[in-house]
Amino acid sequence: MQPAAFVTLASTQLEKQVEFYSLFLSLAPRVNTPTYAEFQLSGLKLAIFSPKEDHVTEFYGDHALSAVRGPMSLCLEVEDLEGAIALLTTLGFAPPGDIIHASHGQEIYAYDPDGNRLILHQSPS
């Protein structure tokens with residue numbers, strides 16, 4: 001038996017988070033109650049990686065947006081990284097850094113209303 005898996009984000013501002021993800025994902029939650037919302041995405045991957053040495057503090061050190069940062073990120077594969085950045089900027093959550101160019105594509109770090117780290121990734125064409 002293969003268990004189902006999903007990612008959960010705790011939030012004290014549920015309505016704001018649901019609105020952010022609804023707008024960013026262009027997707028309505030399939031479950032939406034006063035205490036819980038759930039979005040069904042096309043699939044879920046669990047990836048484990050070692051950050052580059054010059055990015056380690058992003059995952060383990062202090063960050064201006066939050067007193068606590070951990071090694072977990074919500075990585076979202078996008079087809080148009082520039083478009084995703086523009087959408088986040090329009091929503092008021094512009095990524096604070098520059099696009100990172102790597103052998104596996106391009107990515108940028110962004111943050112949701114609670115300061116959860118998002119990695120927006122675009123694979124090479």
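## Burial and overall make-up

Buried residues (under 20% relative accessible area; exposed is over 50%, partly exposed in between, with a 1.4 Å probe and protein chains only) make up 30% of the 125 residues in the chain. This is a predicted model, in which local features need pLDDT of at least 70, side-chain atom pairs count only at pLDDT 80 or more, and totals for chains, interfaces and linings use all residues. Residues are numbered from 1 along each chain as its sequence is written, and side-chain values use heavy atoms, with hydrogens and water left out.

The chain has three helices and six strands, taken as DSSP runs numbered from the N terminus (helices: H or I, at least four residues; strands: E, at least two). Their order along the sequence is α-β-β-α-β-α-β-β-β. Contacts are counted where heavy atoms lie within 4.5 Å. Of the contacts between residues at least 6 apart in sequence, 47% join residues at least 24 apart.

## Nonpolar cores

A nonpolar core is a set of buried Ala, Val, Leu, Ile, Met, Phe, Trp, Tyr and Cys residues joined through side-chain atoms within 4.5 Å. The largest core has 13 residues, and F24, L81, L88 and L120 touch the most other members. At least two residues come from each of helix 1, helix 3 (81–90), strand 5 (105–111) and strand 6 (117–122). Helix 3 gives the most, with four residues.

Leaving aside residues up to four places away in sequence, L120 touches F24, L76, L81, A84, L88, Q106, E107 and I108. Apart from this core lies another, of five residues, including F59, I100, Y109 and Y111. In soluble globular proteins, nonpolar side chains tend to be buried together.

## Helix 1

The 12 residues of helix 1 should span 16 Å at 1.5 Å a residue, and the end C-alpha atoms are 16 Å apart, which agrees. The expected span is 1.5 Å times one less than the number of residues. Within this helix, Q17, V18, F20, Y21, S22 and F24 are buried. The buried residues of helix 1 pack against strand 1 (31–32), strand 2 (37–38), strand 3 (74–77), helix 3, strand 5 and strand 6. S26 follows the helix and has a positive phi, near 50°.

## Surface and salt bridge

The chain exposes about 8,700 Å², of which carbon and sulfur atoms supply 56%; areas come from the Shrake-Rupley method with a 1.4 Å probe, and for residues only the protein chains shown count as cover. F6, V7, L9, Y36, L44 and M72 make a nonpolar surface patch of about 590 Å². Patches are made of residues with over 30% relative accessible area and no salt bridge, with like charges joined within 9 Å and nonpolar side chains (Val, Leu, Ile, Met, Phe, Trp, Tyr) within 5 Å. V7 sits in the segment before helix 1 (14–25) and is partly exposed, with a relative accessible area of 35%.

A salt bridge (a side-chain nitrogen of Lys or Arg within 4 Å of a carboxyl oxygen of Asp or Glu) joins the side chains of R30 and E38 at 2.4 Å, N to O. R30 counts as exposed because its relative accessibility is 55%, whereas E38, at 19%, counts as buried.

## After strand 6

P124 lies in the segment after strand 6 and counts as exposed, at 54% relative accessibility. Not counting residues up to four places away in sequence, P124 touches S103, H104 and G105. P124 and S103 are 21 residues apart in sequence and 8.4 Å apart in space, C-alpha to C-alpha.
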